[in-house]
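Here is a quick tour of one protein model, written for someone who would rather look at side chains than read tables. Keep the structure open and follow along.

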Amino acid sequence: IMASKPGGTDVLHQVDIDVPVPSPTDVLIRQTAVGVNFIDVYFRTGLYPWPVEKDLILGSEGAGIVEAVGAQVSDFSIGDRVAYTVPNGGYATHRLIPAASLVQLPDHISDAQAAAIMLKGLTACYLLHDSYPVIEGDVVLFHAAAGGVGSLAGQWLKSKGVHAIGTAGGAEKCERAKNYGFEEVIDYLSENFPERVMELTKGQGVDAVYDSVGKDTIMGSLECLKTFGTLVCFGQSSGRPDQFRIAHLAKGSFRLTRPILFHFTDNRDWLERSSKKLFDAVARGDVKVN
């Protein structure tokens with residue numbers, strides 16, 4: 001499924017492709033499951049620059065079976081079950097993946113589960129272990145708690161003994177987020193979320209805010225932080241948070257980070273370690289995959 005130009009869903013169209021041939025360092029996989037993510041919308045609409053000047057195949061995570069390997073590939077064999085998160089190229093029956101970007105799937109992770117967690121679950125992994133490493137007893141705020149990343153992060157936070165407050169839009173999403181492990185969920189459509197956070201924390205604020213919404217929430221997120229708190233801005237579903245200024249951090253000696261998943265996954269050691277953390281969390285039942 002290709003997008004012919006940046007735009008709405010009408011730019012998507014189906015085409016026939018030839019099965020690609022792997023380079024010496026690539027692996028050819030026949031995909032059995034593909035994930036759909038908000039980043040696909042970013043690329044389709046042109047919010048993220050297109051990496052090609054022709055039709056673009058969207059999709060940044062998936063799972064499947066190895067059908068061919070390049071001459072220099074030694075870690076994978078034909079028939080292996082594998083998964084990945086790599087920007088674009090996912091909406092296809094077959095695709096080439098650099099061997100360094102693939103992981104083996106353990107028996108207890110199904111292809112469908114893998115395609116639902118490689119991008120979203122590894123995002124949750126770096127958020128909770130790298131961007132702001134949570135410890136038991138921390139209090140954090142997580143926006144879009146009913147979304148793909150939020151649904152995984154909420155469960156993982158609960159298993160770590162972290163007090164997680166979520167936000168979501170509307171009563172239905174708030175109820176869903178409570179089922180994902182959030183102790184409290186604020187409906188930002190009907191409540192002032194910074195005021196509510198300060199009520200819930202008895203005026204103390206939170207240790208960290210995980211914000212993927214951007215423009216609509218960034219300034220309120222800062223209001224929720226305690227002194228020396230950390231703002232993790234990892235998305236902008238409502239638009240670019242251009243109203244934010246570095247000077248705003250001075251209010252509480254706040255820390256700010258703007259991480260990108262693919263900077264983490266470019267590190268092979270991190271990819272292997274974090275995939276194992278994620279798969280183990282699913283195996284223990286700490287994280288249930290929808």
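Start where two helices meet: the axes of H2 and H8 come within 9 Å and cross at roughly 105°. H2 and H8 are therefore roughly perpendicular to each other. Bear in mind throughout that this is a predicted model.

**H2 against H8**

- On the H2 side, the contact is made by Gln113, Ile117, Met118, Gly121, Leu122, Cys125, Tyr126, His129 and Asp130.
- H8 answers with Trp270, Leu271, Ser274, Ser275, Lys277, Leu278, Phe279 and Val282.
- Sorted by class, the residues where H2 meets H8 come out as 10 nonpolar, 5 polar and 2 charged.
- Ser275 sits in helix H8, which spans residues 268-284.
- Is Ser275 buried or exposed? Ser275 has a relative accessible area of 2%, so it counts as buried.
- Once neighbours within four places in sequence are set aside, Ser275 is in contact with Val103, Met118, Leu122 and Trp270.

**H2 against H3**

- H2 also packs with helix H3 (residues 148-159): their axes come within 9 Å and cross at roughly 50°.
- Because of that angle, H2 is oblique to H3.
- The crossing of H2 past H3 is right-handed.
- From H2, the contact takes in Ala116, Ile117, Lys120, Gly121, Thr123, Ala124, Cys125, Leu127, Leu128 and His129.
- From H3 come Gly148, Val149, Leu152, Ala153, Trp156 and Leu157.
- Here the class count is 11 nonpolar, 4 polar and 1 charged residues.

- Trp156 belongs to helix H3.
- With a relative accessible area of 3%, Trp156 is buried.
- What does Trp156 touch, not counting residues up to four places away in sequence? The list is Gly121, Ala124, Cys125, Leu128, His129, Lys277, Leu278, Ala281, Asp286 and Val287.
- Trp156 and Glu184 are 28 residues apart in sequence, and their C-alpha atoms are 15 Å apart in space.

**The nonpolar cores**

- As a rule, nonpolar side chains in soluble globular proteins tend to be buried together.
- In this model the largest nonpolar core has 60 residues, and Leu127, Phe142 and Tyr210 touch the most other members.
- Which helix gives the most to this core? That is helix H2 (residues 111-131), with 10 residues.
- Leu127 touches Tyr132, Phe142, Val149, Tyr210, Val232 and Phe234, leaving out residues up to four places away in sequence.
- Another core, of 17 residues, lies apart from the largest one, and its members include Val139, Val209, Leu225 and Phe244.

**Helix H1 and Tyr42**

- Helix H1 covers residues 38-45, and its buried residues are Ile39, Asp40, Tyr42, Phe43 and Arg44.
- The elements covering those buried residues include strand S2 (12-13), strand S4 (56-57), H2 and helix H7 (261-265).
- Tyr42, found in helix H1, is buried with a relative accessible area of 8%.
- Apart from residues up to four places away in sequence, Tyr42 touches Leu47, Tyr48, Ser212, Gly235, Gln236 and Ser237.
- Tyr42 and Gly7 are 35 residues apart along the chain, with 10.0 Å between their C-alpha atoms.
- Just after H1, Gly46 takes a positive phi of about 90°.

**Positive phi in residues other than glycine**

- Lys202 is not a glycine, yet it has a positive phi of about 55°.
- Look for Lys202 in the loop between helix H5 (193-200) and strand S12 (206-211).
- Lys202 counts as exposed, at 74% relative accessibility.
- Ser253 is not a glycine either, and its phi is positive, near 50°.
- Where does Ser253 lie? It is in the loop between strand S13 (225-233) and strand S14 (255-257).
- At 41% relative accessibility, Ser253 counts as partly exposed.

Definitions and conventions: Residues numbered from 1 in each chain as written. Predicted model: local features only at pLDDT ≥ 70, side-chain atom pairs only at ≥ 80, totals over all residues. Heavy atoms only, no water. Core = buried A, V, L, I, M, F, W, Y, C linked by side-chain atoms within 4.5 Å. Buried < 20%, exposed > 50% of the residue type's maximum accessible area, 1.4 Å probe, protein only. Helix = DSSP H or I, 4+ residues; strand = E, 2+ residues; numbered from the N terminus. Contact = heavy atoms within 4.5 Å. Axes fitted to C-alpha atoms, helices over the stretch in contact; angles between N-to-C directions. Parallel < 35°, antiparallel > 145°, perpendicular 65-115°, else oblique. Left-handed = near helix turned anticlockwise from the far one by under 90°. Nonpolar A, V, L, I, M, F, W, Y, C, P; charged D, E, K, R; others polar.
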